[in-house]
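Hello,

Here is the structure we talked about handing over. Please have a look, and then read on for what turned up.

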Amino acid sequence: MAKDRTKEIGAFAAAPDDNLIICRCEEITKGEIRSAVHDGMFTLTEIRRYLRTGMGLCQGQTCSRLVKAIVASELGVTPSELEPAASRAPMRPIEMRILARDLGGDQHE
Amino acid sequence: MSNHAEVLIIGAGIIGCATAYYLAKKGISVLVLEGSDSIGDGGSSRNGGGVRQSGRDPRELPIVMYGIRHIWPNLKDELGVDVEYYQEGNLRLGKTEAHLKILEVLTQRSVQCGLDVKMISGVEAREICPYLSDSVLGASWCPTDGHANPLLATLAFYRRARQLGARFITGEKVAEIRKLQGAARQVVTQNNVFEGDRIIVAAGMESRPILNTVGIDVPMTPLLLETLVTEAVEPMFYQMLGTAAADFYGHQSTHGSFVFGTNSGLEPYAKPGKTVSSSVSASAACRGILSYFPVLADLKIIRTWAGWIDSCADHVPVISPVEEVPGLIVACGFTGHGFGIAPPVGMLLSELATGSELTLDLSDLRYDRFKAR
Ligand SMILES: Cc1cc2nc3c(=O)[nH]c(=O)nc-3n(C[C@H](O)[C@H](O)[C@H](O)COP(=O)(O)OP(=O)(O)OC[C@H]3O[C@@H](n4cnc5c(N)ncnc54)[C@H](O)[C@@H]3O)c2cc1C
């Protein structure tokens with residue numbers, strides 16, 4: 001859907017719970033997320049790339065719903081209007097020495 | 001809101017965003033149309049972050065050298081976002097005599113263009129980066145090369161351009177350029193028609209069908225490249241790395257994670273149109289990386305991704321006005337090395353669009369340079 005990024009969402013106003021940590025892996029606060037929206041980051045993908053929310057060890061499994069709610073409220077839309085950021089392989093962190101052994105085909109150890 | 005701007009830019013990758021910034025800074029009205037829902041969702045947010053001069057074609061080398069001398073070091077202050085730029089040199093590694101030959105050729109070509117790059121021994125390479133395996137026989141060393149964070153650099157140009165009044169519309173996929181009285185004038189999307197005095201096409205691979213609507217073609221093919229990132233560890237080294245065998249490249253980031261680009265050899269056969277990692281590439285990359293850096297064996301990979309590059313017939317971009325379609329400017333075909341060069345390219349495109357004197361000559365990168373045999 002076409003979105004004009006000049007959309008007026010008002011100035012960033014500090015709030016008492018801005019220091020609350022939302023993404024625990026990367027230690028990103030609620031205030032940082034709200035402020036990023038005012039910097040023009042209007043999608044969860046942009047927020048993630050700008051702040052690293054959901055880019056840590058758990059890959060957003062803990063905080064993605066919280067981040068979504070915060071961004072939606074800042075933009076004045078419902079959370080369901082925001083597309084989730086993509087999940088990517090691998091499912092769990094995996095050591096290079098182990099991944100290096102996967103030769104594909106039937107050559108598995 | 002008016003659908004007219006002095007300059008229309010198609011594509012909000014780092015090229016489009018940087019150009020929008022330089023134009024907005026000059027007080028020019030700019031409208032950027034981006035097809036996907038997020039800014040910079042193409043190669044610009046998926047690349048390996050190399051800000052390299054070494055190994056570049058002499059036709060584009062002066063542009064990136066200008067950027068590294070005059071733009072990258074100040075970008076953080078200029079844009080108000082730390083783009084995590086490091087200028088700690090580039091090591092291109094060789095493990096065999098054949099590798100060293102490849103590196104010597106690349107090095108000599110760059111030296112002729114006035115770049116400070118030289119061949120060093122394996123011992124010297126390990127003095128620069130003590131984590132390197134003893135199997136490294138030698139390397140080329142360019143001390144002024146480096147890397148930056150592509151996600152932040154792209155969004156930082158967008159953020160600053162937007163603050164300066166540039167208008168961005170996402171989810172606005174361009175279908176066609178239309179001429180009025182012989183000149184490029186209108187841009188047609190699914191929902192709208194926009195008008196600009198100048199139209200800059202910076203849509204990566206998709207530039208080709210868009211340009212085709214006004215009879216212009218740039219010979220490019222899509223190629224899927226893959227990348228991975230590790231967990232964060234204590235700072236180890238900040239050189240940019242590459243290899244003569246091209247089996248991997250990468251660097252450690254501010255965050256502490258390593259970002260590595262992979263090369264499985266199967267890239268040209270990626271499934272068309274699918275921007276997803278293959279099942280083989282990350283493993284191939286790990287084998288490559290560990291053969292140069294055995295100390296990283298226990299480091300965990302936490303994420304992999306893929307991105308398309310617009311591989312141009314002669315491997316350098318087209319950055320060019322199109323005289324036969326007045327008002328049209330092309331910027332595509334960056335062929336897997338358009339990130340490091342993007343800031344000076346944005347500056348040059350803003351000069352082309354305003355008709356000001358060019359800081360650097362662009363005649364080697366014209367759109368009509370491709371000749372059949
Ligand atoms: C895995 C990988 C690793 C790389 N590593 C490096 C590196 O280390 N160093 C380096 O310098 N370069 C590197 N590159 C290359 C670099 O990322 C690109 O050259 C650069 O980002 C190109 O920027 P761009 O703005 O031209 O293209 P893109 O970022 O692809 O932007 C084009 C934009 O146009 C939009 N678009 C497409 N069609 C339309 C349409 N019809 N209407 C409107 N908008 C449209 C797209 O959605 C996209 O946002 C790498 C690339 C990849 C994929």
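Let me begin with Glu95(A), which touches Ala297(B), Asp298(B), Leu299(B) and Lys300(B), not counting residues up to four places away in sequence; contact here means heavy atoms within 4.5 Å. Before going further, please keep in mind that this is a predicted model, in which local features need pLDDT of at least 70 and side-chain atom pairs count only at pLDDT 80 or more, while totals for chains, interfaces and linings use all residues. Residues are numbered from 1 along each chain as its sequence is written, chains are lettered from A and ligands numbered from 1 in the order in which they are written, and side-chain values use heavy atoms, with hydrogens and water left out.

**Salt bridges**

Glu95(A) also forms a salt bridge with Lys300(B), with the closest N and O atoms 3.8 Å apart; the term means a side-chain nitrogen of Lys or Arg within 4 Å of a carboxyl oxygen of Asp or Glu. Glu95(A) lies in strand S4 of chain A and Lys300(B) in strand S16 (residues 300–312) of chain B, so this pair joins two chains. Helices (H or I, at least four residues) and strands (E, at least two) are DSSP runs, numbered from the N terminus. Glu95(A) counts as buried at 18% relative accessibility, whereas Lys300(B), at 27%, counts as partly exposed. For these words, buried is under 20% relative accessible area, exposed is over 50%, and partly exposed is in between (1.4 Å probe, protein chains only).

Over all chains, the search finds 23 salt bridges. One of them is between the side chains of Asp4(A) and Arg167(B), at 2.8 Å from N to O. This pair also crosses between chains, from strand S1 (residues 3–4) of chain A to strand S8 (residues 167–170) of chain B. Within chain A, Glu74(A) forms a salt bridge with Arg34(A), the closest N and O atoms being 3.1 Å apart. That pair links helix H3 (residues 64–75) to helix H1 (residues 30–38), with the partners 40 residues apart, and both Glu74(A) and Arg34(A) are buried.

**Nonpolar cores**

Which residues touch the most other members of the largest nonpolar core? Of its 81 residues, they are Val71(A), Ile15(B), Ile63(B), Trp72(B), Phe157(B), Phe168(B) and Leu349(B). Helix H1 (residues 14–25) of chain B gives the largest share of this core, nine residues. A core is a set of buried Ala, Val, Leu, Ile, Met, Phe, Trp, Tyr and Cys residues joined through side-chain atoms within 4.5 Å. A second, separate core has 29 residues, including Leu99(A) and Cys286(B). Leaving aside neighbours within four places in sequence, Phe157(B) is in contact with residues including Ile14(B), Tyr21(B), Leu79(B) and Pro343(B).

**Cysteines**

There are zero disulfides over all chains, taking a disulfide as a pair of cysteine sulfur atoms within 2.5 Å. Cys113(B) is in none, and the nearest cysteine sulfur, in Cys142(B), is 12 Å away. Cys113(B) is partly exposed, with a relative accessible area of 31%, while Cys142(B) is buried at 0%.

Happy to talk any of this through.

Best wishes
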